[in-house]
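Here is a short briefing on how the parts of this model meet. Take a look at the structure first, then follow the points below.

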Amino acid sequence: MQWKHLVIFFSLLLFVVGCSDNDETESVSSEASEPFKLGLILVGPRDDNGWSQAHFEGASHAIEKVGGEMIVVDKVNPADSPNITVPQVVDDMIGQGAQLIIATSDDMKDGILEAAAAHPDVPMIHASGDSAWTDGKAYHSELPMLANIMGKMEYGKMIAGCAAALQSDTGRISYLGPLINDETRRLVSSTYLGAKHCWTEVAGKSASDLKFNVNWIGFWFNIPGVTLDPTVVANEFFASGTDVIVSGIDTTEAIVEAGKRASAGETVWAVPYDYEGSCSEAPSACLGVPYFNWGPSYLDAIESVSNGSFKATFQWLGPDWKDINDHDTSMIGFLKGDGLTSENSKELDKFTKALGDGSLNLWTGPLNYQDGSSFLGEGESATDLQIWYMPSLLEGMDGPAE
Amino acid sequence: MFVRNDLLFLGLGILVPVCASMLVFLFVDAPPLRATELFFEGAFGSSQRMGDTLMIWVPLLLASSALIITFSAGMWNIGIEGQIIAGAVAASFVAREFEASTPVVLTAMIVAGLIGGMIWGGLAGLLRVRGGVNEIFGGLGLNFVATGLVVYLIMGPWSRRGIASTGGTEPFRPQAWFPTLDGLRVSPLSVLLAIGVLILVLWFLSRTSYGLRLRATGKNPLAASRFGIRTDAYLLLSFLLAGGVAGLAGVTQAAAVYHRLVPSISGGYGFLAILIVLLAGFRGQWILPIALFFAAVSMASFQWQLQLGLHSSLGGVIQGILVLSVLLLSGYRAISYMRKPISEEGDA
């Protein structure tokens with residue numbers, strides 16, 4: 001009796017399948033005359049006030065300029081979307097006529113490599129990856145249309161570290177780290193270099209009085225039960241005497257917690273990360289935010305796809321030093337927050353200017369790794385490869401390096 | 001009479017959430033008809049998509065098969081998520097440590113997953129039988145322990161070189177991947193495994209004396225023990241078997257879906273399967289279409305985001321409504337049965 005119902009159910013299902021197959025062929029054949037279609041894959045929600053929102057707004061800006069359309073899928077990670085994989089999303093986006101796919105997370109590396117191998121002719125970008133870097137350690141010469149774009153956030157982080165050191169009373173700066181890899185090691189090291197320089201050279205204090213520690217939550221954002229809770233970690237930092245937290249995660253817990261404590265009368269601040277608008281969570285507790293401005297590079301990519309010149313290039317783009325907050329030209333920006341005193345703000349401008357005109361290169365030796373072994377000898381400057389593939393943290397920093 | 005009533009509830013179980021979903025679509029200004037169309041298109045619209053739906057169907061079927069065993073013994077196996085994880089961990093261990101040809105590695109992974117799941121299920125059973133710990137609390141606790149274990153492995157001994165991330169382990173060697181057909185992501189092997197296991201479980205419960213005694217234990221433990229059935233042993237057996245079957249879901253998740261170990265390897269499918277089994281009214285054959293329906297909703301929510309630009313949370317809202325409607329209907333069904341005069345109840 002009941003098996004009969006099952007047979008009916010599956011027959012109906014097959015009928016539906018037969019019908020809907022036609023729909024898809026229609027939608028594919030009508031793609032030629034449509035406006036530019038961009039597929040954007042985000043690891044977090046598009047409104048996270050952090051990493052994913054920066055990509056979303058950058059891509060929206062670019063697609064608006066060319067009058068195109070955007071297909072967005074956010075929260076593509078095993079915790080939020082256990083049944084969606086990157087290759088699956090890419091297949092569907094291509095099925096819908098996407099001419100360029102941008103995968104925007106380090107966590108999507110395996111997935112986008114698989115997708116690029118399955119669709120070798122479709123232009124794709126892995127933002128933050130290194131698969132197209134001919135000199136890099138993970139070069140994939142067999143993927144001619146998978147490009148990489150990343151910003152030289154090292155500069156943004158140096159400015160963040162400087163702001164933290166200038167404003168800190170206790171000399172205890174903590175870094176709220178995501179997971180540990182080459183990228184996060186180089187960014188937290190950059191923060192430390194900026195902090196150390198401004199603590200000793202600008203504020204004229206003793207290097208031994210600066211305490212810089214990092215704690216890693218285990219992923220780019222909070223996954224309850226899996227990562228450490230960034231809210232808890234931020235509060236532990238403050239409870240242990242830290243007065244400035246520099247955030248390295250995709251979301252805004254550090255600035256939110258700093259804001260709560262500041263409004264309760266504590267003298268604490270935070271430097272959020274990734275997204276220009278993230279100080280809005282707690283403006284007066286915010287010293288500023290180093291942010292990515294993905295719009296111009298995504299616009300270039302869209303145009304190169306349109307005119308047929310898109311290639312698997314590796315782009316590691318720095319700030320436009322003429323105006324690091326120029327939305328049309330600068331990949332990396334730093335927007336100062338209300339918490340920064342006007343005096344410190346002026347010092348920060350000088351520091352930024354020195355980074356920009358090349359008179360100050362903080363990646364210059366002597367610099368040692370955390371274990372005391374030599375990273376850069378006296379007067380030696382780090383190469384791009386050395387910075388990108390940072391194997392450890394630097395001497396003077398507390399916290400695990402792997 | 002009974003069948004008709006069940007069909008009515010099954011119909012309601014589908015109709016009520018669907019209507020509620022329609023209202024949600026109207027609320028967010030999405031065309032409900034297009035959304036419905038996308039439901040079918042997204043889940044079954046092409047061989048690739050159908051395959052992807054089956055990829056979700058497989059762990060749901062396996063987890064449901066596992067739960068049918070413990071439900072038959074009158075147990076709420078909330079620890080199923082942990083058992084899936086334990087199976088995945090055991091299979092990942094084999095995938096990482098043993099180099100051999102694909103059939104050998106996959107067989108070893110399946111056996112390891114079975115054993116891993118049985119250990120985890122057995123622990124919940126032991127806690128219940130020997131420790132007097134309610135299986136719901138024991139299971140929940142073991143779920144947390146399993147998650148802790150998998151995060152520890154991924155961040156510690158099994159971490160990628162130079163990386164400490166909960167993102168997952170290095171992908172397995174290709175020998176440890178379930179084979180797929182050209183152009184499809186789903187592995188026919190995992191589909192066959194899931195259907196085969198469901199049939200085996202139903203056969204065991206309905207056609208063997210062990211199954212009969214296990215069901216007797218579930219229906220009335222006191223009466224069963226008076227008949228000389230060692231109810232404790234059968235409770236433990238149900239957890240061992242359920243754990244083993246759930247462990248297989250972990251194997252397919254690791255070897256056929258992610259090809260590596262990730263913290264959320266169980267994907268919440270264990271909890272979803274509880275609802276499937278409830279909705280199926282513990283009748284095995286209904287698990288097939290109901291699990292397929294749930295898998296289809298998961299696929300459709302992706303299409304709603306992709307093609308209608310709906311917020312990604314909306315899929316979760318719809319699933320939440322589905323789940324709540326099912327719970328509500330199950331509750332209502334239980335109440336309506338209780339209110340029925342004894343003469344109408346018939347035999348169970």
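Let's begin where the two chains meet: 49 residues of chain B are in contact with 46 residues of chain A. Please keep in mind that this is a predicted model.

**Between chain B and chain A**

- Chain B and chain A bury about 4,100 Å² between them, and carbon and sulfur atoms give 57% of that area.
- Three salt bridges are found across the interface of chain B and chain A.
- A salt bridge joins the side chains of B:Arg160 and A:Asp110, with an N to O distance of 2.5 Å.
- Polar contacts between chain B and chain A number 12 residue pairs, with both residues at pLDDT 80 or more.
- On the side of chain B that touches chain A, two or more residues come from each of these elements of chain B: helix H1 (2-27), helix H2 (32-44), helix H3 (47-72), helix H6 (135-155) and helix H12 (284-308).
- Of these, H12(B) gives the most to the side that touches chain A, with 12 residues.

**Between the domains of chain A**

- In chain A, 32 residues of domain 1 are in contact with 32 residues of domain 2.
- About 2,500 Å² is buried between domain 1 and domain 2 of chain A, 64% of it on carbon and sulfur atoms.
- A:Asn49, A:Trp316 and A:Trp321 supply 28% of the area that domain 1 of chain A buries against domain 2 of chain A, more than any other three residues.
- Zero salt bridges are counted between domain 1 and domain 2 of chain A, while 11 residue pairs are in polar contact across that interface, both residues at pLDDT 80 or more.
- Helix H2 (51-66), strand E5 (146-151) and strand E11 (314-317) of chain A each bring at least two residues to the side of domain 1 that touches domain 2.
- The largest share of that side of domain 1, four residues, comes from H2(A).

**A surface patch on chain B**

- B:Val111, B:Leu114, B:Ile115, B:Ile119 and B:Leu123 make a nonpolar surface patch of about 400 Å².
- One of these residues, B:Ile119, sits in helix H5 (residues 102-129) of chain B.

Key:
Residues numbered from 1 in each chain as written. Chains lettered and ligands numbered in written order. Predicted model: local features only at pLDDT ≥ 70, side-chain atom pairs only at ≥ 80, totals over all residues. Heavy atoms only, no water. Patch = residues over 30% accessible without salt bridge, like charges linked within 9 Å, V, L, I, M, F, W, Y side chains within 5 Å. Areas by Shrake-Rupley, 256 points an atom, 1.4 Å probe, with all protein chains shown as cover. Salt bridge = Lys/Arg side-chain N within 4 Å of Asp/Glu carboxyl O. Contact = heavy atoms within 4.5 Å. Buried area = accessible area lost by both parts, 1.4 Å probe. Polar contact = N/O pair within 3.5 Å; in protein donor to acceptor, adjacent residues only side chain to side chain.
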